[in-house]
Every structure is written in structure tokens, then in C-alpha cells.
Amino acid sequence: MSSWIEVADGVHARRYAELDQTLGLVVGERRCLVVDTGLDEAHGAEFAAAIRELTDLPWTVVITHAHFDHYLGTAAFGDVPVYAHPGCAVAMREDVRPEWARRYREQGKPEIADRIAVARVVPPTHEVPDRVELDLGGRRVTLLHPGPAHTDHDVAVHVPDAGVVFAGDLVEQGAPPSVGPDAHPARWPGALDVLLALRPTTVVPGHGEPVDPRFVAAQRDELSAGST
Ligand SMILES: [Zn+2]
């Protein structure tokens with residue numbers, strides 16, 4: 001189950017029932033930017049085909065962080081530029097496929113488990129250590145690392161002309177933010193302040209529906225309360 005949401009002109013979020021996940025697309029005049037690629041290659045292929053119904057422009061990929069559901073679909077996009085924080089490439093060297101395949105098998109989802117087990121890991125080709133501006137043709141976007149938060153290598157995507165920020169898992173709608181062992185909860189609120197300072201009208205989370213900045217500020221306050 002999946003569907004598109006047009007967040008702004010040429011800015012799209014694709015929603016999935018599995019993990020309540022949200023993947024992104026920004027369309028320029030000369031190329032498009034794909035924000036995360038899904039949890040296995042079949043998922044990535046479905047996303048790629050859905051993008052091809054909207055645009056046939058060449059694509060560039062950005063990976064928001066190295067959690068399996070955000071990057072194991074990349075191989076479906078072929079030989080493309082893949083942007084990520086340098087720490088993302090480091091984290092991707094740990095092979096998490098067997099562990100996630102085991103968990104999916106335990107959940108009674110053997111098809112997904114099998115697909116995760118064989119998904120190829122595509123390392124990033126371009127680094128986003130701090131900020132990188134990409135010209136998509138008639139539209140500039142900024143890839144930025146707002147500081148350690150959900151991981152030590154999160155990357156967000158700012159589309160200034162549309163007032164949209166893709167926040168990766170720094171923001172979750174429908175569930176509290178996922179604070180795993182690789183998270184930096186004390187620094188997380190500061191990273192959200194970096195995103196809010198971009199003055200977005202819409203923030204697209206890694207899981208759940210697009211939200212407004214007030215929602216992000218409330219999530220920041222909850223994280224602040226939890227980290228003191
Ligand atoms: Zn994550």
C-alpha cells in the first residue's frame with residue numbers, strides 16, 4: 001500500500017503502510033532528487049517506478065541516515081550519485097541485513113525478510129559533511145547536517161522556494177521519535193532548532209504524515225524534557 005502526497009509544487013512525499021514510512025521527491029527542471037530509497041530493492045523499485053510516473057528526469061539520491069529502511073532500496077535506482085553524511089558511509093559498513101531479516105521473520109513477514117537479506121548495499125558517492133547546495137534546474141535545494149540527533153550523521157533536505165524541509169527521522173508523526181542506541185538525545189533539540197530556523201511551512205518526517213513547524217517545536221520540547 002502506497003500513495004503520493006504533493007507537499008508543494010514539484011515536492012512530493014510517498015507514504016507506505018510498512019513502518020508508516022515516508023520517502024521524498026523534489027523535481028527540478030533538469031533533474032530530480034530522491035530522498036531515501038526504502039527498506040529493500042523491491043521497495044526501491046516500486047518507488048522508482050512511481051517516480052517515473054511523475055517525471056523522467058535523471059535522478060540523484062540523498063540518504064538521510066544509515067538505518068536499513070532508508071537505504072536498502074538504493075540499488076533499484078541504478079548507477080546514480082548518492083549523497084550522505086560521511087558518518088553514514090561508516091555506519092553502512094555494519095551489515096544489519098541478517099538482524100533485520102531475522103526480526104521480520106519473527107514478525108511473520110518472511111517475504112520482506114527474504115528481500116532484506118539479499119538487498120545490495122550501495123555506498124554513498126558524495127559527502128555532505130555540513131551543507132551542500134544542489135541545482136536541480138530552476139530550483140536549488142540544500143542538503144544539511146543539523147548536528148547529531150537521531151544518529152550522528154543525519155542529513156535533512158531544505159527546499160527553500162517551497163518552504164519544505166525533509167527531516168529524515170529527526171521528526172516522526174504518528175509515533176514518538178525513535179531514540180535508539182545510536183541517537184544523541186541531548187543534542188537532538190538543538191538539531192531541530194537548526195531545521196526550524198530555516199522557517200519551513202511544511203516538514204516531511206521519515207515516518208508519518210507531513211507536519212507544520214509547531215508540531216516540530218512540540219516534539220523538540222518533548223525531547224528536551226526527556227533529556228534533562
Ligand atoms: Zn532511523
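Predicted model: local features only at pLDDT ≥ 70, side-chain atom pairs only at ≥ 80, totals over all residues.
Residues are numbered from 1 along each chain as its sequence is written, and side-chain values use heavy atoms, with hydrogens and water left out.

**The zinc site**

Which residues coordinate the zinc ion? H65 (NE2), H67 (ND1), H150 (NE2) and D169 (OD) do, at 2.2 Å. Donors here are N, O and S atoms within 2.8 Å of the metal (3.2 Å for Na, K and Ca), and sites may look incomplete because water is not among the atoms. Along the sequence, the donor residues follow the spacing H-x1-H-x82-H-x18-D. H67, in the loop between β5 (59-62) and α2 (68-71), and D169, in strand β11 (residues 164-172), are 102 residues apart, so this pair links distant parts of the chain. Helices (H or I, at least four residues) and strands (E, at least two) are DSSP runs, numbered from the N terminus.

Why is the arrangement irregular? The 4 donor atoms subtend angles of 89 to 171° around the zinc ion. Four donors count as tetrahedral if all angles lie between 85 and 135 degrees; four count as square planar and six as octahedral if opposite donors are over 155 degrees apart and all others between 65 and 115; anything else is irregular.

H65 sits in the loop between β5 and α2. Its side chain makes a polar contact with the side chain of H150 (3.3 Å). A polar contact is a pair of N or O atoms within 3.5 Å; within protein, one must be able to donate a hydrogen and the other to accept it, and residues adjacent in sequence count only if both atoms are side-chain atoms.

**Buried residues**

Buried means under 20% relative accessible area, exposed over 50%, and partly exposed in between (1.4 Å probe, protein chains only). Here are some buried residues:

| Residue | Relative accessibility |
|---|---|
| H65 | 0% |
| T37 | 0% |
| V165 | 1% |
| D169 | 4% |
| T202 | 17% |

T37 lies in the loop between β4 and α1. The side chain of T37 reaches the backbone oxygen of Y71 at 3.4 Å, and a polar atom of that side chain lies 3.4 Å from the backbone nitrogen of G73.

V165 belongs to strand β11, while T202 is found in strand β12 (residues 202-207). Among the residues that V165 touches are T202, V203 and V204; contact means heavy atoms within 4.5 Å.

**Two helices**

Helix α1 (residues 41-52) has 12 residues and should span 16 Å at 1.5 Å a residue, and its end C-alpha atoms are 16 Å apart, which agrees. The expected span is 1.5 Å times one less than the number of residues. At the start of α1, a side-chain oxygen of D40 comes to within 3.0 Å of the backbone nitrogen of A42. The buried residues of α1 include F47, A48 and I51, and the helix's buried residues pack against elements including β1 (2-8) and α5 (110-118).

In helix α6 (residues 188-196), W188, P189, A191, L192, L195 and L196 are buried. They cover an arc of only 160° around the axis, which puts them on the same side of α6. That arc is taken from the directions from the helix axis to the C-beta atoms.

Key: Lists of a residue's contacts leave out its neighbours within four places in sequence.
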